[in-house]
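I am opening my notebook on a new structure. I will look up a few helices and residues, one entry at a time.

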Amino acid sequence: MWISDTHCDALTRMGDQPVDLRVEQPDRHIDLPRLFAGQVGLQTFAMWVPQHAKPFGLRDVLVHEWTLFKHAIASLPEVEWVRSREQVREPSRGHLLALLSIEGVGSAGAPEWLELFFEAGVRMVSLVWNERNELADGAGQPHPGGLTEAGIAAVEKIESLGMVLDVSHLSDPSFWDVIRFSHRPLLASHSNARRLCPHRRNLSDEALRAIADRGGVVSVTMEPDFLRIDGQASLQDIVDQVCYLRNLIGSEAIGFGADFDGVDTLPQGVQGPDAYPRILQALQQAGIAENELEAMAHGNHERLLREVLPSENVA
Ligand SMILES: [Zn+2]
């Protein structure tokens with residue numbers, strides 16, 4: 001059963017060091033051998049924009065990470081860069097579909113820049129990381145507000161271009177503004193249920209329902225602090241999150257977005273993407289049916305991407 005994962009920070013983790021992803025990287029999580037061992041067939045790679053990087057530093061970061069993605073990842077013969085809905089399907093064995101996202105596009109002067117990012121092959125965008133920027137307030141902002149006028153315009157632009165709008169990292173008021181001003185299915189690329197783990201980065205039951213009502217997907221993340229408030233998470237906490245979400249919003253609204261290479265520690269029993277078969281096995285033992293597991297593993301992301309991404313015939 002192949003896996004789609006909607007968030008990793010491999011591009012940020014690479015930094016200035018050229019990394020050969022075809023060789024196992026013992027001090028990192030993401031490399032092709034371990035992605036293939038985990039049967040990961042579609043991996044989203046995030047360009048992360050640090051909050052201290054104001055316009056010019058930020059442009060440097062984006063150009064650097066885009067260049068890394070293009071030359072260190074998308075150029076590998078095993079990798080196919082996904083830009084259209086037609087490309088979203090089960091990859092053949094030994095091949096990886098790669099989607100490029102931006103985590104926290106805000107300070108880049110969007111919405112003017114969004115068209116450029118789209119042309120550069122970006123197909124998933126979140127407005128803000130944890131801070132406040134020109135578009136929205138993030139989950140770490142004290143006394144947060146919602147979207148700015150530019151943020152509302154950005155939401156419209158992201159949807160009209162055919163990019164996935166990622167709601168992870170939004171403050172609660174920003175989230176509800178996105179619900180108000182957006183129309184298409186939304187993705188939480190790496191967030192869990194706040195009811196089980198009361199962290200500001202997790203989503204309330206009402207927010208989870210709002211995503212599911214729109215045909216969106218919530219990708220369960222493996223950051224230990226988002227699984228257990230004491231951070232002492234294990235594989236069982238991932239199972240508990242999935243089971244909770246299944247009861248609340250149904251198996252057709254659940255996916256995975258582990259945040260590999262973006263976290264310092266991982267839950268006990270999970271050491272990287274190669275743990276996915278073990279996670280699916282644990283979910284099966286928890287009573288989740290085969291067809292539901294297929295949906296969670298890749299089917300729900302496929303449905304969302306096919307609906308949101310542009311058709312190559314239109315380009
Ligand atoms: Zn993140």
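Predicted model: local features only at pLDDT ≥ 70, side-chain atom pairs only at ≥ 80, totals over all residues.

**Entry 1: a helix pair**

I looked up two helices, α9 and α10, and they lie oblique to each other. Helix α9 covers residues 235-249, and helix α10 covers residues 276-285. I read their packing angle as about 55°. The two axes are 10 Å apart. An angle of 65 to 115 degrees would have counted as roughly perpendicular, and one under 35 degrees as roughly parallel. I also noted the hand of the α9 and α10 crossing, which is right-handed. Next I listed who makes the contact. From α9 come L235, I238, V239 and V242. From α10 come I279, A282 and L283.

**Entry 2: helix α6**

Which residues of helix α6 are buried? I found S174, F175, D177 and V178. The helix itself runs over residues 172-181. I then looked down the axis of α6: its buried residues fall within an arc of 165°, so they line one face of the helix. What covers them? The cover of the buried residues of α6 includes α5 (149-161), β6 (164-166) and α7 (205-213).

**Entry 3: D177**

I stayed in helix α6 to look at D177. Is D177 buried or exposed? It has 22 C-beta neighbours inside 10 Å, so D177 counts as buried; the cut-off for buried is 20 or more. Leaving out residues up to four places away in sequence, I found that D177 touches G146 and L147. I also checked D177 against V155, which is 22 residues away in sequence. Their C-alpha atoms are 9.8 Å apart.

**Entry 4: N300**

I moved on to helix α11, residues 290-308, where N300 is found. N300 has 26 other C-beta atoms within 10 Å, so I put N300 down as buried. Which residues does N300 contact, beyond its neighbours within four places in sequence? I wrote down V217, E252, A253, I254, G255 and A295. Then I compared N300 with L227, 73 residues away along the chain. Their C-alpha atoms are separated by 22 Å.

**Entry 5: the nonpolar core**

How many residues does the largest nonpolar core have? I read 96. The residues with the most contacts inside that core are F45, L208 and V218. I picked F45 and looked up its contacts, leaving aside neighbours within four places in sequence. They are C8, A10, L11, F69, I73, A98, L100 and S101.

Notes
Residues numbered from 1 in each chain as written. Buried ≥ 20, exposed ≤ 12 C-beta atoms within 10 Å, placed from the backbone. Helix = DSSP H or I, 4+ residues; strand = E, 2+ residues; numbered from the N terminus. Arc of directions from axis to C-beta. Contact = placed C-beta atoms within 7 Å. Core = buried A, V, L, I, M, F, W, Y, C linked by C-beta atoms within 7 Å. Axes fitted to C-alpha atoms, helices over the stretch in contact; angles between N-to-C directions. Parallel < 35°, antiparallel > 145°, perpendicular 65-115°, else oblique. Left-handed = near helix turned anticlockwise from the far one by under 90°.
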